[in-house]
Number of protein chains: 2
Amino acid sequence: MADVKELMSTPVGVVRDPGFFKKVKGVNVITGTRATGIDRTAKRVTLVDTQSGKTTTIEYDRLILSMGSMPVVPPFKNITLQNIFTVKGIEDARTLKEKAAAGKRVFIVGAGLIGIEIAEALAMKGLHVTLAEMKEQILPGILDPEIAMLVVKHLREKGVEVLTSCKVEGFTGAAMVEKVLTDHGEAPADLVVLAIGVSPNTAMARDAGLEIGATRAIAVDEHMRTSDPAIFACGDCCESAHIVSGQKVYLPLGSTANKQGRVAGINAAGGEAVFAGVLGTTILRVFDINVGKTGLTETAARSYGYEVETVLSPAPDRAHFFPGAKPITLKLVADKKTGKVLGVQATGPGAVDKRIDTAVAAITFGATAEQLSQLDLAYAPPFASAMDNLVVAADILKNKLCGEAKGISPLEVRKKTKRGEDFLFLDVRSPGEHAEVRITGTQLVPLGMLRERLQELPRDKEIIAFCKMSLRGYEAQKILEAAGFSDVKFMDGGVLAWPYELEQ
Amino acid sequence: MADVKELMSTPVGVVRDPGFFKKVKGVNVITGTRATGIDRTAKRVTLVDTQSGKTTTIEYDRLILSMGSMPVVPPFKNITLQNIFTVKGIEDARTLKEKAAAGKRVFIVGAGLIGIEIAEALAMKGLHVTLAEMKEQILPGILDPEIAMLVVKHLREKGVEVLTSCKVEGFTGAAMVEKVLTDHGEAPADLVVLAIGVSPNTAMARDAGLEIGATRAIAVDEHMRTSDPAIFACGDCCESAHIVSGQKVYLPLGSTANKQGRVAGINAAGGEAVFAGVLGTTILRVFDINVGKTGLTETAARSYGYEVETVLSPAPDRAHFFPGAKPITLKLVADKKTGKVLGVQATGPGAVDKRIDTAVAAITFGATAEQLSQLDLAYAPPFASAMDNLVVAADILKNKLCGEAKGISPLEVRKKTKRGEDFLFLDVRSPGEHAEVRITGTQLVPLGMLRERLQELPRDKEIIAFCKMSLRGYEAQKILEAAGFSDVKFMDGGVLAWPYELEQ
């Protein structure tokens, strides 16, 4: 972007400053002024001029709070050293950009959306980037571990050092930060970025006695009305209802803020509008891959008590013979009882956003795997395969839900190996594919030879078949079951979704 | 594509020939053989070897018909001249490709999907392309006229001559075609491509006494079962039910054939599967733009008796400040009574396919404009604006449905002008935008000046305001109404959706 002014402009280049709001919308915008308190009885807000310190008041019939959020800054040791940043707003971004010279070492605390976006931006500027996350995986709450591991693989390929289960304790340095202290030891750093998350600005609402939710954001009903009927709230300062779980959540996002603002505005002006809630939809670009999610992760679904079925399905994002086709890996999570799709995750260089948005619409309306598999999605080779990635993944999910397909996740297979369990890890790809790249400890019997070579396979052992994506793995399961083998599964997603090391 | 074999291959490069089907699937594939008749009583199909002419029979418990379709070839005068082609299958494409040398003149009969795709391919090879359509617009049945006109604009920019309302009557030439005879006169041509559409191969089904639908394709129920319970049909030879209209339709497409084949296969094998129907989803790339549609067009919706509201909404396909953002124009069609979205059309260089697929999922579940506007779609600047194109369009639709926004389509405005109606055609863009490009016969009052210059505007005349996209046009309507003007509208889609000529 050439100019930060574009961020404040309409798509046709009109800058949305106070003059614009007055002339075009007839709206008074008061800047350089802090609201410090609400007198709900007198229906009055106290304002302080940030330059002169002069106090005034302004009366309201209806009040809308859109106070946003603040970066979380834990009480780390020596947090006040120079070159430790948070990033919220245009000024922060500008300062960080000035300091970020190629060759410098930057340590980013927190591998959520903001942390990863900053890691990408600074790595592309030539800095040495370390990204540290306290939790066991990056993008916690957004992705399930096996999808997060695919993203970590990509970050590492791009030169970003990724540390998980790494707790930052503080910093050392003279005037400027020099080292980061963690429970894993020290790391030298010229710059530190705190990207731990944001918390809602609720102080004024709390002081005024408005109800604060369990999420610690301002509680609102579906009309965006707070516990005071004359006061509405919207955006990063308030909570939302999750469409799938029905739970209140705090998920501050620009797209949600826009919708909530519209609802709050209509209702405050005497209209009637309802905010439908959120699905926790998230998307980001990480170097050459896209990462997206909507609805519940497997982790979240299990925590809410759902019994879930899942599928990992990698495939090209358009007809595989069309130039520019790029792979994406989908994860679908469904409720075993109802067959309803609870959530979708996707990652890869291909068109992740299309599948996520399609899933958003489907999940909003409570689509089952069956219904998802039957969507009449747009097909032409430049855009999709005749069977879109979502359709294929939903078909696999259906086969699993009805017991036809017996999958096992790569995480479970890894655990079996680590526990020393005895099973046949059967690679049914072609010899050519096997020569290129292999998973350690597997045995090769190409699918086309399987019917002829059954006698080579053990009948008293669990067999886990896989291929590149999972289709031939599933076919192997069916062939072996038909031949009387009793304990056969296929590994979800095959080599493409294997988040561990491969033999080249 | 390097090799047509890729079209017959799985995504990992396995060629799906008879050997593959036998080894991997245990399926016997008989080639070089024509099925010529069904004896439903004996449950027997007659087969003829296409080389030897030898007749055999094969018995069935369940029979699946997937006989496809044939190009329509009307009885044009001199249809048998050389260099008149239809395009169905790999061989046709190969022959046409061999003949298509740069500089030659090709005349394409029919501006549907296939006609346009061939026009693009041959124009890019340097041929002089004429695309002729009998109906008043290209892509009839797929797009409404004002969207089709935007596509025509683009085809003409790329050098394709487009003729609508042009009826081909025949051809002249010695051995090879030399001229095309139409009701508009003659056109010289070195090559002719007939792309008039396809008709289902039903002869054998008809001869066997199976029910043929009003669409002239094989009638099937939702289990893909024909009127004979032991016989199923799928793909281009049979009809489908339309999810919105409930009507039977004939819409042969690869994506539909895949889903139907799965359902027919499961049911024929004793399982239980249902085909949910189609939305008539269509997508194509035309040079630098994408064109898509799902559900009902306005034309189709009106023909089914719906009272409809529509919106035309052009906007960038991602955050306007993000490099690579490209415009798309959406058209939404809704049922005035229920607010349900009946159909979506989209065109432009941007990500049309994402909006169409999202609309597919929404329309499948009967989404209203309100529900569409609240979808928690994925937002990050590389992928979308905070308010996605679909959300913005649905918001305008809501405003129209409740009477807040009063729109008029560019087609209606044009008709008013042609009828010589007296109205003020008010351009509320900036002087800079106006200097670049203008609609003839309009008056400029930039939105920011409108409140100050009200006295310049007539109170006794209809006013139709517009801007680049339609947002400021709508704001002008609200400002003028608030100032007491009683007959104010805005023109849908503004300059970006104006399908007629512009002053530069």
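Modeller: What follows is a chat about the chains, their contact and a few single residues.

Colleague: What should I know before I start?
Modeller: This is a predicted model, in which local features need pLDDT of at least 70 and side-chain atom pairs count only at pLDDT 80 or more, while totals for chains, interfaces and linings use all residues. Residues are numbered from 1 along each chain as its sequence is written, and chains are lettered from A and ligands numbered from 1 in the order in which they are written.

Colleague: Thanks! How many helices and strands are there in chain A?
Modeller: Chain A has 14 helices and 27 strands. Both are DSSP runs numbered from the N terminus: helices are H or I with at least four residues, strands are E with at least two.

Colleague: And what does the C-alpha trace of chain A span along its principal axes?
Modeller: About 90 × 60 × 40 Å.

Colleague: What share of chain A counts as buried?
Modeller: 45% of its 504 residues. A residue is buried if 20 or more other C-beta atoms lie within 10 Å of its own, exposed if 12 or fewer, and partly exposed in between, with C-beta atoms placed from the backbone.

Colleague: What about contacts in chain A between residues at least 6 apart in sequence?
Modeller: Of those, 60% join residues at least 24 apart. Two residues are in contact if their C-beta atoms, placed from the backbone, lie within 7 Å.

Colleague: Which residues have the most contacts inside the largest nonpolar core?
Modeller: Ile108(A), Val192(A), Ile108(B) and Val192(B), in a core of 239 residues. A nonpolar core is a set of buried Ala, Val, Leu, Ile, Met, Phe, Trp, Tyr and Cys residues joined through C-beta atoms within 7 Å. There is also a second, separate core of 22 residues, which includes Val45(A), Leu63(A), Ala205(A) and Phe232(A).

Colleague: What does Val192(B) touch?
Modeller: Beyond residues up to four places away in sequence, its contacts include Phe107(B), Val109(B), Phe171(B) and Val180(B).

Colleague: Let's switch to the two chains. How many residues of each are in contact?
Modeller: 50 residues of chain B are in contact with 50 residues of chain A.

Colleague: Which element of chain B gives the most to that side?
Modeller: That's α8(B), with 9 residues. By class, the side of chain B that touches chain A has 29 nonpolar, 10 polar and 11 charged residues. Here Ala, Val, Leu, Ile, Met, Phe, Trp, Tyr, Cys and Pro count as nonpolar, Asp, Glu, Lys and Arg as charged, and the others, Gly among them, as polar.

Colleague: How do α8(A) and α8(B) run, roughly parallel or roughly antiparallel?
Modeller: Their axes come within 8 Å and cross at roughly 20 degrees, and therefore α8(A) and α8(B) are roughly parallel to each other. Axes are lines fitted to C-alpha atoms, for helices over the stretch in contact, and angles run from 0 to 180 degrees between N-to-C directions. Angles under 35 degrees count as roughly parallel, over 145 as roughly antiparallel, 65 to 115 as roughly perpendicular and the rest as oblique.

Colleague: Which residues make that contact?
Modeller: Among them are Asp353(A), Lys354(A) and Ala361(A) of α8(A), and Asp353(B), Lys354(B) and Ala361(B) of α8(B). The residues of this contact divide into 4 nonpolar, 2 polar and 6 charged.

Colleague: New topic: where is Glu309(A), and why does it count as buried?
Modeller: Glu309(A) lies in strand β20, residues 308-316 of chain A. It counts as buried because it has 21 C-beta neighbours inside 10 Å. Setting aside residues up to four places away in sequence, Glu309(A) touches Ala334(A), Lys336(A), Leu397(A), Lys400(A) and Leu401(A).

Colleague: And where is Ala187(A)?
Modeller: Ala187(A) is in strand β12, residues 185-188 of chain A. With 18 C-beta neighbours inside 10 Å, it counts as partly exposed. Ala187(A) and Phe107(A) are 80 residues apart in sequence, yet 8.2 Å apart in space, C-alpha to C-alpha.

Colleague: Last one: what is the phi of Arg216(B)?
Modeller: It's positive, about 75 degrees, although Arg216(B) is not a glycine. Arg216(B) is found in the loop between α5 (203-207) and β15 (231-233) of chain B, and it counts as exposed, with 12 C-beta neighbours inside 10 Å.
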